[in-house]
Amino acid sequence: MEKPRQGFWGLWNISFGFFGIQIGFALQNANMSRIFQSLGESLDNLTVLWIAAPLTGLLVQPIIGHMSDRTWLGKLGRRRPYFLAGSIMASLALFIMPLSPALWVAAVMLWILDAAINVSMEPFRAFVGDMLRKDQHTVGYSLQTAFIGAGAVVGSIFPWALDQFGVANEVVGGGIPDTVKHSFWFGGLVYLLSVLWTVFTTQEYSPDQLRAFDTDGHEDAQSTVRALAARSQTSAFVWIGAGLLVAALVELSGLEKEMFLLAALLATYGLASIIAIQLAKSGRGNNMLSDIVGDFSGMPDIMKKLALTQFFSWSALFIMWIYTTPVVAQYAFGSNDPNSAAYNEGGNWVGILFAVYNGVAALAALFLLPTMAQRFGKVRTHMICLLAGSAGFAAFLFIREPQILLFAEIGIGIAWASILAMPYAILASSLPQQKLGIYMGLFNVFIVVPQLLVATAMGTVLKHFFPTEPIWTMAFAAIVMALAALAMLRIKETPN
């Protein structure tokens, strides 16, 4: 039995909520450092902002994925309760954030906003897989990516646009400017309204209907727990040992202290595995911890192979997000002094570059990816797009004119569109329907780990080998993006 085919407006309604989610996410990424500094935080302590968001996602997404797989609230459905609740929380956080009277209030609001965005975001990934037949997964995730790109453009340029219309962009004596306040309030409103649009214009399939659609003979939901019960504790102690080894390396080699977080994550997963395995062996495997650990350790082969591509591609992206500003300021505007006018001019131009690659991603998702996937298949399409992104990063090594750098963003935008669409389209067509939420949540692990590594290890590499030449970070980005493309050679195309 096949799911009904969705028309254009059905596809639009399923993914429109992501437009508002991405506006909120873009406002957070572009303005949180500004808010913290306006409230008195020093520049040296802002690195933690690169860690807070992925750690929140790492904790929240698997839990929400697990819960949404097991939820059915009648007319409200399976996934919609979660992104509705997340949108309400996020909208409140976006409204309160720029009114924060003290640094600690803003810090709390950031964690609430991060958690709320992840509560909204994870079920939306699974929602597309729930609602669409396999031959529409590519176009469904591509349209979702188009909304992501459009939302990122709007969220990124909105404070700048308000400034052009005369809204105050600074506060005498310090504080959060009106451009940021009004942007956050606008973002909170659009976030909520766009998610409400999806909630009220879609109707989810019931669990019985989804079971009838899932005719591929996938294993039952408890199979990974049974496999967990048959495992020894050896692998769990290996994870703990890996965590202790990383901690020792950080202490002995002088790596950035944030790497202790990675060590803690490895050791914590090992400890969780010990508990989960013991519960499964004793016949008490019907719990969230055993389910999540069992599903992570027993993830399908296609997901393991895609994980390597995710690791490399997201490593390149985080290098770009952290280091594009110093690269552009130094090599295209001639200044490495953060207090100079030229450096700040370069920083403003980076905002334009980022808006361009997001705009390109939106267009590529609508017009390029579906056509390429139909002609070359999803696997080859992703590989080609990743190579385009690698070329875009490599172009930074040679281009010194700010306007010509816009051409580099075309390749990066094409890669960004594919990264947001193709892996999920491949996964949704290959995963068991009853575990789509948890596996989409666990897939986020391979986004978080590279962010932790880049935010810590890359800084150490730059400091020791290229302390005055940040341009080489773009060479690293080009190389690891090319490695992501090569990793796709391990994956065989499966027919819809």
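Residues are numbered from 1 along each chain as its sequence is written. In this predicted model local features need pLDDT of at least 70 and side-chain atom pairs count only at pLDDT 80 or more, while totals for chains, interfaces and linings use all residues; side-chain values use heavy atoms, with hydrogens and water left out.

The structure holds 11 salt bridges (a side-chain nitrogen of Lys or Arg within 4 Å of a carboxyl oxygen of Asp or Glu). One of them joins D135 and R5, whose closest N and O atoms are 3.3 Å apart. D135 lies in the loop between α5 and α6 (137-164) and R5 in the segment before α1 (8-15), so this pair ties together parts that are 130 residues apart in sequence. Helices here are DSSP runs (H or I, at least four residues), numbered from the N terminus. D135 is partly exposed, at 36% relative accessible area, and R5 is exposed, at 54%. Buried means under 20% relative accessible area, exposed over 50%, and partly exposed in between (1.4 Å probe, protein chains only).

R80 and E204 also form a salt bridge, at 3.3 Å from N to O. R80 is in helix α4 and E204 in the loop between α7 (178-201) and α8 (207-213), so the pair links parts 124 residues apart in sequence. R80 is buried, with 4% relative accessibility, and E204 is buried too, with 6%.

A further salt bridge joins D69 and R79, at 3.0 Å from N to O. D69 belongs to helix α3 and R79 to the loop between α3 and α4, so the two connect parts 10 residues apart in sequence. Both D69 and R79 are buried.

Helix α17 (residues 436-443) has 8 of its 8 residues buried, so it is largely enclosed by the rest of the structure. Among these buried residues are Y439 and F443.

On the surface, I88, L92, F95, I96 and L99 form a nonpolar patch. L99 sits in the loop between α4 (80-96) and α5 (103-131), and L99 is partly exposed, with a relative accessible area of 43%.

The second largest pocket is lined by 20 residues, and L58, L265, Y269, F296 and V445 lie nearest its centre. Helix α11 gives the most to this lining, with 6 residues. Helices α3 (48-69), α11 (259-281), α12 (288-297) and α18 (445-465) each supply at least two residues.

Definitions and conventions
Patches are made of residues with over 30% relative accessible area and no salt bridge: like charges are joined within 9 Å, nonpolar side chains (Val, Leu, Ile, Met, Phe, Trp, Tyr) within 5 Å. Accessible areas come from the Shrake-Rupley method with a 1.4 Å probe; for residues, only the protein chains shown count as cover. On a 1 Å grid over the protein atoms alone, a cavity is a set of points where a 1.4 Å probe fits but cannot get out, and a pocket is an open set with protein on both sides within 12 Å along at least five of seven lines; lining residues have an atom within 4 Å of a point.
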